[in-house]
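Biologist: I am new to this structure. Please take me through the terms and show me how each one is applied.

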Amino acid sequence: HIQFFITKAEVGDETYDFFKKMVDIGDIVGATGTLFFTKTGELSVRVKNFRLLTKNIRPLPDKFHGLSDPETRYRQRYVDLIMNESTRRTFMIRSKAIAETRKFMMEHHFMEVETPMLHPIPGGANAKPFITHHNALDMDMYLRIAPELYLKRLVVGGFERVFELNRSFRNEGVDVRHNPEFTMMEFYAAYKEYHWLMDYTEKLLRTVAEKTIGTAVIQYQGHTIDLTKPFDRLTAKEAVLKYAPQYTAEQLEDKDFMQEELKRLGEPAKADAGVGALQMAIFEAVAESKLIQPTYIIDYPVEISPLARASDKVPGITERFELFMAGRETANGFSELNDPQDQAARFMAQAKLKASGDDEAMYYDADYVRALEYGLPPTGGCGVGLDRFVMLLT
């Protein structure tokens, strides 16, 4: 911001009168002249030549009251940016956070790639896709819900560390945490597993926060969220016992109890849900919102993790985690399932769920199974919700 100092003596009567009559708040103007300080210490331009570059024909909101109506701010973001410094700051922090994320990945020898956004078969997540039509091929296609299966094809092809900063699309609800199109980063590292992924993701988020806003201790909605300390690691059952102590360990192994409790909470589960899936449903209902400090929920059941590698040690669970901060899921990662026969069986189970009416269940992807048959090395992969992380930073 800089002040213009315009006098008839410098610019002449015609230009001076034009300025007085024709120039309004919001116009874009150009001028040349000499910099000086006024008596009040205001840095100003003593204008010698002046030109109107763009005329603003719609009045800006009152400067004193600003632009505060949320509906107008979101629908007319350009006016919001003109009027509100805090909105501009949010945009700049978001840009820097994405740049620092890219820099961190490249410093750790990951190759940035781009994968298709139009998919013949949606995959890589349990979500409802947007459907579009490809005129030249006369076929329906889907906007991607995740880049996962294409990124793992690249690992099969020999690229051992890949990442993509991607826009994905999910045709589901809209709220503070969910936008139909959103930005995330997915990355895959060959010869790594989920413990390494958790350590790496923790370091990534800590570093990006420090580089972007100068600190990894964040003030957010009345909470101090500390990314400098090691992130907690709990199973869903352990998290419920810690954050909802009204439950006992025995109750969280009792399928009948958990089914009835979920009905009471208004979150009924499928009749054939296993113990692990019921524990996850209880966790989401009573404990998830209380995970303010960064916390990994680990060891998800196989039945809700169709792409994750099963544990060698504990039957029925996978080597999977989700990261929660401020009561929201921020990342999801796992040791990748690289057994093509196991993957085919899990796709079949998902296809049966879809046939029975589950819009979010996965399709059977025969080409992806074929890719696994050529050999996916042991691999760890993770997706980080950059929009949700930026919400914390801003």
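Modeller: We start with cavities. On a 1 Å grid over the protein atoms alone, a cavity is a set of points where a 1.4 Å probe fits but cannot get out. A pocket is an open set with protein on both sides within 12 Å along at least five of seven lines. Lining residues have an atom within 4 Å of a point. Grid points are joined across faces, edges and corners, and a volume is the space filled by probe spheres set on the points. The largest cavity has a volume of about 40 Å³. This is a predicted model, where local features need pLDDT of at least 70, side-chain atom pairs count only at pLDDT 80 or more, and totals for chains, interfaces and linings use all residues. Residues are numbered from 1 along each chain as its sequence is written, and side-chain values use heavy atoms, without hydrogens and water.

Biologist: How many cavities of 30 Å³ or more does a search of the whole structure find?

Modeller: The search finds 1. Its lining includes Pro-122, Ile-145, Lys-354 and Tyr-363.

Biologist: What makes up the lining of the largest cavity, by residue class?

Modeller: Ala, Val, Leu, Ile, Met, Phe, Trp, Tyr, Cys and Pro count as nonpolar, Asp, Glu, Lys and Arg as charged, and the others, Gly among them, as polar. On that basis the lining has 8 nonpolar, 1 polar and 3 charged residues.

Biologist: What is the volume of the second largest pocket, and which residues lie nearest its centre?

Modeller: The pocket holds about 900 Å³ of space. Of its 20 lining residues, His-1, Ile-25, Gly-26, Leu-60 and Lys-63 lie nearest the centre. Strand E1 (3–5), helix H4 (77–83) and helix H5 (85–107) each give two or more residues to the lining. Helices (H or I, at least four residues) and strands (E, at least two) are DSSP runs, numbered from the N terminus.

Biologist: Why is Phe-37 called exposed?

Modeller: Exposed means over 50% relative accessible area, buried under 20%, and partly exposed in between (1.4 Å probe, protein chains only). Phe-37 has 59%, so Phe-37 is exposed. Phe-37 is in strand E2 (residues 28–37).

Biologist: What makes His-109 stand out in its phi?

Modeller: Most residues other than glycine have a negative phi. His-109 is not a glycine, yet its phi is positive, about 70 degrees. His-109 sits in the loop between H5 and strand E4 (111–112). With a relative accessible area of 65%, His-109 is exposed.

Biologist: How do you know that Tyr-191 counts as exposed?

Modeller: Its relative accessibility is 53%, so Tyr-191 counts as exposed. Tyr-191 also has a positive phi, near 65 degrees.
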